Amino acid sequence: MSAIELVDVSKTYGSPPVPALTDIELSAPQGSFTAVVGASGSGKSTLLRIIGGLTTPTRGTVRVFGRAPEELRVAKEVGWMAQRPALLPWRTVRDNISIAQTINPQPRPLPDPAHLLDLVGLSRTGDAYPGQLSGGQQQRVALARTLAIGAPLWLMDEPFAALDELTRETLAGDLLTIWREVDTTVVWVTHHIPEAIELSDRVVLLTPGPGSVAAVIDVDLPRPRDVTSAAFQDLVRAARSVLRDVRLPQAVT
């Protein structure tokens, strides 16, 4: 079953209209992990906002679990995680997680914040404040907050981009463990090709703006993935080749 279906989706902004996305065709199976990769200005975040019901496409059809994205947004069935954790500095770590449940009440049972802290490896920090945590720990809290409403869809906009490489790798591994446990559908936006291939089932490569789908690369490698293996590096080179080729016409003109 497809969790996400986009058919002939385009988006323009302003007057005169400036195109951000053009003729996007995209599908993602339920329970899958899809990465979206492209240069700055390729419309990655716009695509994420369309899937999440925060932006309406100018043209085309979008269905998420067979429904309009706006329906899922209103029902609080979409979990968001951005590059900055945006935690409330005057609230404890535990309160930053539980407030997501307070302002997004659900008819379904919701996970206990203490369990979420344990899940993200922060069981001893519930009474701490965000300012007492490292950047990586703050992103773990943000991840726990994303999990707090039990959403079947996670939309993640470069959440590890500001972290150092070692912290980024550790969090990526932990994220995959949690994703398999909770069985949700993920769309992950990044400009980092190796990260996309390490995490995802498929990588959607966008052309420079206005963004369209240049290629979709299926990642048929067992997890955890050996980033030094020949098969992994072949996929990295293939993705880079696609993105390099779609940039060439702009570079020549």
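Is Gly66 buried or exposed? Gly66 is exposed, with a relative accessible area of 59%. Exposed means over 50% relative accessible area, buried under 20%, and partly exposed in between, with a 1.4 Å probe and protein chains only. Gly66 sits in the loop between β4 (59–64) and α2 (69–74). Its C-alpha atom is separated by 7.9 Å from that of Ile4, and the two residues are 62 apart along the chain.

This is a predicted model: local features need pLDDT of at least 70, side-chain atom pairs count only at pLDDT 80 or more, and totals for chains, interfaces and linings use all residues. Residues are numbered from 1 along each chain as its sequence is written, and side-chain values use heavy atoms, with hydrogens and water left out. Helices (H or I, at least four residues) and strands (E, at least two) are DSSP runs, numbered from the N terminus.

Strand β6 (residues 153–157) is mostly covered, with five of its five residues buried. Leu153, Leu155 and Asp157 point one way, while Trp154 and Met156 point the other way. In a regular strand the side chains alternate between the two faces of the sheet. Two strands pair if DSSP finds at least two bridges between them. The pairings of β6 are tabulated here.

| Partner strand | Bridges to β6 | Direction |
|---|---|---|
| β5 (residues 78–81) | four bridges | parallel |
| β7 (residues 185–190) | five bridges | parallel |

Val78 has Leu153 as its bridge partner in β6. Asp157 stands opposite Val189 in β7. From β6 the chain crosses through helix α6 (residues 165–182) to β7, in a right-handed β-α-β crossover. Right-handed means that, with the strands pointing away from the viewer, the path from the first strand over the helix to the second runs clockwise.

**Helix α6**

α6 has 18 residues and reaches 26 Å from its first C-alpha to its last, close to the 26 Å expected. The expected span is 1.5 Å times one less than the number of residues. Asp164 caps the N-terminal end of α6, where a side-chain oxygen lies 3.2 Å from the backbone nitrogen of Leu166. Just after the helix, Asp183 takes a positive phi of about 55°.

The buried residues of α6 are Arg168, Leu171, Ala172, Leu175, Leu176, Ile178 and Trp179. They pack against β3 (33–37), α4 (113–119), α5, β6, β7 and α7 (193–199).

In α5 (residues 135–147) lies Arg140. Arg140 is buried, with a relative accessible area of 14%. Beyond its neighbours within four places in sequence, Arg140 is in contact (heavy atoms within 4.5 Å) with Val120, Leu122, Thr170, Leu171 and Asp174.

**Nonpolar cores**

A nonpolar core is a set of buried Ala, Val, Leu, Ile, Met, Phe, Trp, Tyr and Cys residues joined through side-chain atoms within 4.5 Å. The largest has 33 residues, and those with the most contacts inside it include Trp154, Met156, Leu175 and Trp188. Its largest share, six residues, comes from α6. Not counting residues up to four places away in sequence, Trp188 touches Met156, Phe160 and Leu175, among others. A second, separate core of 24 residues includes Val9, Leu47, Val189 and Val204.

**Helix α1**

Leu47 is one of the buried residues of α1. Six of the eight residues of this helix (residues 44–51) are buried, so α1 is largely enclosed by the rest of the structure. Gly53 follows α1 and has a positive phi, near 80°.

Conventions
A polar contact is a pair of N or O atoms within 3.5 Å; within protein, one must be able to donate a hydrogen and the other to accept it, and residues adjacent in sequence count only if both atoms are side-chain atoms.
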